[in-house]
Amino acid sequence: MIETLLLPFQFPFMQNGFLISLIVSPAAALLSCFLVLKGWALMGDAVSHAILPGVVLAYLLGIPLIVGAFTAGMGCSLLTGYLAENSRVKRDTVMGVVFSGMFAVGLILFVAFPSDAHLDQILFGNMLGVGPADLWTGLAISGPVVAVLSLKWRDFLLHAFDPAQAQAAGLNTRLLHYGLLTILSLVVVAVLASVGLILAVALLVTPGAIAFLVTRSFGRMLVVSVVVCTGSMLTGIYASFWLDSAPAPTIVLVLTGLFLAAFTARRIQVARQSRADREKYERPSPNERTGAPL
């Protein structure tokens with residue numbers, strides 16, 4: 001029985017899948033907390049889609065894919081900020097226009113210049129095909145990102161809640177803003193090999209959303225998000241082995257199920273608290289029960 005349960009760990013491709021999950025999940029989980037608080041969920045979606053033309057151009061030019069992906073991601077972030085600041089259109093609308101346009105450019109380039117690259121692997125990832133280079137790339141990105149977010153989380157938190165107060169406190173808000181955009185682009189590149197472009201947004205939003213529902217302090221939110229993201233990725237890969245399904249969508253389904261469970265538990269807790277408060281205020285006072293004059 002134990003030998004059967006441990007069977008997935010005996011295959012090298014499964015071992016690499018588990019390793020890449022352990023490497024990229026902390027960075028994605030920590031970043032998701034800030035994206036949820038700052039309302040940048042759509043920004044994560046935009047960057048994850050917008051790096052497609054960078055990936056295709058990097059492949060055609062023979063340069064590392066990470067360079068093209070990061071350049072395209074930062075270009076999307078900077079272009080979105082410029083258009084939002086210099087037009088009457090709201091930021092979320094600008095993001096939708098920019099990332100859909102860049103995604104379309106990437107698809108046109110992919111079709112116009114045939115290559116050996118597989119579009120489905122770029123879009124949906126190839127977790128079971130992760131090699132040593134992908135592991136080292138993920139580690140080189142995830143390590144510094146986790147270190148920066150762990151050491152400067154209070155600064156990023158203040159900037160997320162009140163940029164004006166952060167500037168009054170002496171923080172470099174411009175550096176924090178573009179630093180977070182840089183981290184976002186880097187994390188998207190790190191998860192590119194595992195869950196791909198389209199499903200990357202799930203790792204950048206859902207762990208933070210789950211932690212937001214079940215915690216009351218930001219410090220605990222960071223810890224819970226890492227536990228949820230890591231556990232979901234490991235569980236999804238393990239389950240995909242027995243279900244004969246793709247690992248990335250299975251991971252997303254696990255995260256979605258946890259979010260629905262957290263949401264339901266939160267609703268039940270709020271309903272019970274409301275009922276308890278109502279009964280407390282409706283309960284008669286001792287004088288009312290005994291009929292004594294007030």
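Tutor: Helices are DSSP runs of H or I with at least four residues, strands are runs of E with at least two, and both are numbered from the N terminus. This is a predicted model, in which local features need pLDDT of at least 70, side-chain atom pairs count only at pLDDT 80 or more, and totals for chains, interfaces and linings use all residues. Residues are numbered from 1 along each chain as its sequence is written, and side-chain values use heavy atoms, with hydrogens and water left out.

Student: Is Thr80 buried or exposed?

Tutor: Thr80 lies in helix 5. Buried means under 20% relative accessible area, exposed over 50%, and partly exposed in between (1.4 Å probe, protein chains only). Because its relative accessible area is 0%, Thr80 is buried.

Student: Which residue's backbone oxygen does the side chain of Ser21 reach?

Tutor: Ser21 belongs to helix 2 (residues 12-38) and is buried, at 0% relative accessibility. At 2.9 Å from the side chain of Ser21 is the backbone oxygen of Gly17.

Student: With which residues is Ser21 in contact, leaving aside its neighbours within four places in sequence?

Tutor: Contact means heavy atoms within 4.5 Å. With neighbours within four places in sequence left aside, the partners of Ser21 are Pro26, Met127, Met233, Leu234 and Ile237.

Student: Where is the place of Ile63?

Tutor: Ile63 is partly exposed, with a relative accessible area of 36%. As for its place, Ile63 sits in the loop between helix 4 and helix 5.

Student: How far apart in space are Thr80 and Arg272, C-alpha to C-alpha?

Tutor: In sequence, Thr80 and Arg272 are 192 residues apart. In space, their C-alpha to C-alpha distance is 43 Å.

Notes. Polar contact = N/O pair within 3.5 Å; in protein donor to acceptor, adjacent residues only side chain to side chain.
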